[in-house]
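Welcome! Let's take a friendly walk through a protein model and see how its side chains pair up, pack and meet across chains.

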Amino acid sequence: MRTFTHTIIDPVGIHARPASKLVKEAKEVDSTVTIEVNGKSADASKLIAIMSLGAKCGDEIIVNIEGGDEEATETKLKAFFADF
Amino acid sequence: MFKMFKKKSDNAISLSSVCDGEVVDLSKVEDPVFSERMMGDGFAMIPSKGEIVSPFNGEVTLLVDTKHAVTLKDENDLEVLIHIGIDTVNLAGKCFETFVKTGDKVNKGDTLIKFDIEGIKEAGYKISTPVIVVNTDDYSNINISKDGYVSALEDVLCIEK
């Protein structure tokens, strides 16, 4: 398993648009990706679960990557979160 | 209730409109997240009345803090996102009033959110309201069955297993 943290920079947090983009990324990789924030955890391929996390600007999220090509997934997701 | 879809398979279910207004194809929505169906298939409404009602009996799975979007799940696990306006997350709740909260059970026709159409427009946002089947992957075919002007709770989307 690989894990990295990221602090949300999008002023309105992980709302519908970034959440749907994250879901798209998560569905494209063969690893299982979970996102943790404020003690809650969600499968990154489930839109409503991700939106339900309510991650706000300034929140630190933990990205867990398990199985498949973890290294490639980590690189891809780090690039993704750079915008959010 | 499925008579109007008799040509379709027996597994077809219908999803109703969520407000009075015009039903349009998602491709007409001014945001690629919706128009390119990144979130899933569905339809969009241009509301003529600022009141969103539940299209079925089910549960509110999420009402966002900013009050402009709600997700619902029916008893057959159909998951729907109703997103009022485009980029209206930036209004931070202004122009919206909610009548339910996350976890509430709702009946078809219950008021979920009321909103100020003119206020949203004056703030510079489009009022296009996508209604998205979030778990589109669970279905084989999703088609608009009625477009143009409708009242709330008219069957407008045909969803086949």
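Start with B:K146, which is partly exposed at a relative accessible area of 33%. B:K146 forms a salt bridge with B:E154, and the closest N and O atoms of the two are 2.4 Å apart. Keep in mind that this is a predicted model. The notes below are grouped by topic, so you can look up each residue as you read.

**Salt bridges**

- Side chains of opposite charge can pair when their charged atoms come close.
- Over all chains, the count comes to 16 salt bridges.
- B:E154, the partner of B:K146, is partly exposed, with a relative accessible area of 22%.
- Which residues are joined into one network by salt bridges that share partners? They are A:K24, A:E25, A:E28 and A:K76.
- In one of these bridges, the side chains of A:E25 and A:K76 meet at 3.7 Å, N to O.
- A:E25 belongs to helix α1 of chain A and A:K76 to helix α3 (residues 70-81) of chain A, so this pair ties together parts that are 51 residues apart in sequence.
- A:K76 also meets A:E28 in a salt bridge, this time at 3.2 Å, N to O.
- Here the pair ties together parts that are 48 residues apart in sequence, because A:K76 lies in helix α3 of chain A and A:E28 in helix α1 of chain A.
- A:K76 is partly exposed, with a relative accessible area of 31%, and A:E28 counts as partly exposed at 48% relative accessibility.

**Where chain A meets chain B**

- How many residues of chain A are in contact with chain B? There are 13, and they are in contact with 17 residues of chain B.
- The two chains bury about 1,300 Å² between them, and 70% of that is on carbon and sulfur atoms.
- A:R17, A:I48 and A:M51 supply 42% of the area that chain A buries against chain B, more than any other three residues.
- Between chain A and chain B there are four salt bridges.
- A:R17 and B:D31 meet in a salt bridge through their side chains, at 2.9 Å, N to O.
- The count of residue pairs in polar contact between chain A and chain B is four, with both residues at pLDDT 80 or more.
- On the side of chain A that touches chain B, the elements giving two or more residues are α1 (16-28) and α2 (47-53) of chain A.
- Of the elements of chain A, α1(A) gives the most to that side, with six residues.

**Aromatic rings**

- A pair of aromatic rings is described by the distance of the centres and the angle of the planes.
- The structure holds three aromatic pairs over all chains.
- The ring centres of A:F80 and A:F81 are 5.1 Å apart and the planes are at 75°; planes over 60 degrees apart count as edge-to-face, so this pair is edge-to-face.
- A:F80 also pairs with A:F84, and that pair is tilted, with 5.0 Å centre to centre and 40° between the planes.
- Together, A:F80, A:F81 and A:F84 form one aromatic cluster.

**Loops of chain B**

- Where does B:S17 lie? Look in the loop between β1 (13-16) and β2 (21-24) of chain B.
- B:S17 has a relative accessible area of 0%, so B:S17 is buried.
- The side chain of B:S17 reaches the backbone nitrogen of B:L153 at 3.0 Å.
- Leaving aside neighbours within four places in sequence, the contacts of B:S17 include B:F43, B:M45, B:V150 and B:E154.
- B:R37 is not a glycine, yet has a positive phi of about 60°.
- You will find B:R37 in the loop between α1 (32-35) and β3 (42-47) of chain B, and B:R37 counts as partly exposed at 29% relative accessibility.
- B:D87, although not a glycine, has a positive phi of about 65°.
- B:D87 is placed in the loop between β7 (79-83) and β8 (96-98) of chain B, and at 32% relative accessibility B:D87 counts as partly exposed.

Methods:
Residues numbered from 1 in each chain as written. Chains lettered and ligands numbered in written order. Heavy atoms only, no water. Phe/Tyr/Trp six-rings, centres within 6.5 Å; stacked < 30°, edge-to-face > 60°. Contact = heavy atoms within 4.5 Å. Buried area = accessible area lost by both parts, 1.4 Å probe. Polar contact = N/O pair within 3.5 Å; in protein donor to acceptor, adjacent residues only side chain to side chain. Helix = DSSP H or I, 4+ residues; strand = E, 2+ residues; numbered from the N terminus. Buried < 20%, exposed > 50% of the residue type's maximum accessible area, 1.4 Å probe, protein only.
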